[in-house]
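Subject: Structure handover

Hello,

Here is the structure you are taking over. Please open it beside this email and follow along as you read.

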Amino acid sequence: YCLEIDEKFEYAYRNKGDANIRLKKFKEAIEELGMHISIAKPDDVILEAIGYCWDKQKEYAKARNYYRKASALNPQDDQIFFKIGETYTKEMQWEKAIKAYSVALHINKYNPSYCMALGNCLMEMNAQKEALVCYLNAVQLRPDIKSTWQSLVKALYVSNYFDEALSQLVIAEEHCGYKIEFQYYKSAILLALGKAKE
């Protein structure tokens with residue numbers, strides 16, 4: 001109705017785009033948000049939203065294009081660089097993903113998700129030592145998150161640091177409490193050490 005009255009009412013396009021995103025109608029959302037940009041001065045939130053829609057449709061190059069446009073308008077938004085990294089990760093372009101995650105981490109040094117993402121890419125590239133540093137940083141930033149400990153212990157296991165992995169599991173349980181996953185990892189490590197009975 002708003003657009004019937006005024007076809008250049010930019011907020012109506014913005015709100016229709018947002019509604020379509022919530023309904024997971026990403027093609028329609030891209031059209032609506034595109035109309036908003038054609039009428040109003042583009043802002044980083046709209047450009048990021050269009051990037052998100054392309055991302056959800058697995059059109060990663062198009063998603064990156066809009067994320068980059070958003071980052072040009074708001075270069076201090078670490079989340080946008082993280083999202084760029086995520087698109088590269090989905091395409092298994094590890095080096096490019098690492099560059100994007102590194103920018104995000106440079107802007108916000110206290111986000112454990114960025115450390116984890118970097119660690120995961122480095123593991124994929126068989127750079128275990130560098131990955132371990134990233135996982136340790138993530139654990140130090142948020143010692144209460146089970147998944148960060150899991151990644152650290154997995155990386156230690158893959159790197160054959162079995163004793164250190166066991167030590168980290170003890171610390172993990174101090175922070176997160178008793179977890180089935182920790183018991184599973186402990187048994188896998190003990191088997192690797194030849195301690196079948198334990």
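Start with Lys-58, which lies in the loop between α4 and α5 (60–73). Helices here are DSSP runs of H or I with at least four residues, strands are runs of E with at least two, and both are numbered from the N terminus. This is a predicted model, in which local features need pLDDT of at least 70 and side-chain atom pairs count only at pLDDT 80 or more, while totals for chains, interfaces and linings use all residues. Residues are numbered from 1 along each chain as its sequence is written, and side-chain values use heavy atoms, with hydrogens and water left out.

Loop residues

Lys-58 has a phi near 65°, a positive value in a residue other than glycine. Lys-58 is exposed, because its relative accessible area is 63%. The cut-offs are these: buried means under 20% relative accessible area, exposed means over 50%, and partly exposed is in between, with a 1.4 Å probe and protein chains only.

Met-92 is not a glycine either, and its phi is positive, at about 60°. This residue lies in the loop between α6 and α7. Met-92 counts as exposed because its relative accessibility is 60%.

Ile-145 sits in the loop between α9 (128–141) and α10 (146–158). With a relative accessible area of 26%, Ile-145 is partly exposed.

Compare Leu-156, which is found in helix α10. Leu-156 is buried, at a relative accessible area of 5%. Leu-156 and Gln-183 are 27 residues apart in sequence, and their C-alpha atoms are 16 Å apart in space.

Aromatic rings

Two rings of Phe, Tyr or Trp (its six-membered ring) pair if their centres lie within 6.5 Å; planes under 30 degrees apart count as stacked, over 60 as edge-to-face and the rest as tilted. By this rule there are six aromatic pairs. One of them is Phe-9 with Tyr-11, an edge-to-face pair with 6.3 Å from centre to centre and 70° between the planes. Phe-9 is partly exposed, at 34% relative accessibility, and Tyr-11 is partly exposed with a relative accessible area of 46%.

Phe-82 and Tyr-101 form a tilted pair, because their ring centres are 5.4 Å apart and their planes are at 40°. This pair links distant parts of the chain: Phe-82 is in helix α6 (residues 78–90) and Tyr-101 is in helix α7 (residues 94–107), 19 residues apart. Are these two residues buried or exposed? Phe-82 is buried, with a relative accessible area of 15%, and Tyr-101 is buried, with 1%. Phe-82 and Tyr-101 form one aromatic cluster together with Tyr-114.

Charges over rings

A charge sits over a ring if NZ of Lys or CZ of Arg is within 6 Å of the ring centre and within 35 degrees of the ring normal. Arg-64 lies over the face of Tyr-88, 4.0 Å from the ring centre. The charged end of Lys-69 sits over the ring of Tyr-66, at 4.7 Å from its centre.

Cysteines

A disulfide is a covalent bond between the sulfur atoms of two cysteines. Here it is counted as a pair of cysteine sulfur atoms within 2.5 Å. How many disulfides does this rule give? The count is zero. The closest cysteine sulfur to that of Cys-115 is in Cys-134, and at 6.4 Å it is too far for a bond. Cys-115 counts as buried, at 3% relative accessibility. Cys-134 is also buried, at 11% relative accessibility.

Helix packing

Two packed helices are described by the angle between their axes and the distance between the axes. Axes are lines fitted to C-alpha atoms, for helices over the stretch in contact, and angles run from 0 to 180 degrees between N-to-C directions. Angles under 35 degrees count as roughly parallel, over 145 as roughly antiparallel, 65 to 115 as roughly perpendicular and the rest as oblique.

The axes of helix α3 (residues 26–39) and helix α4 (residues 44–56) come within 9 Å and cross at roughly 160°. Therefore α3 and α4 are roughly antiparallel to each other.

Helix α7 and helix α8 (residues 112–124) pack at an angle of about 160°, with their axes 9 Å apart. That makes α7 roughly antiparallel to α8.

Regards
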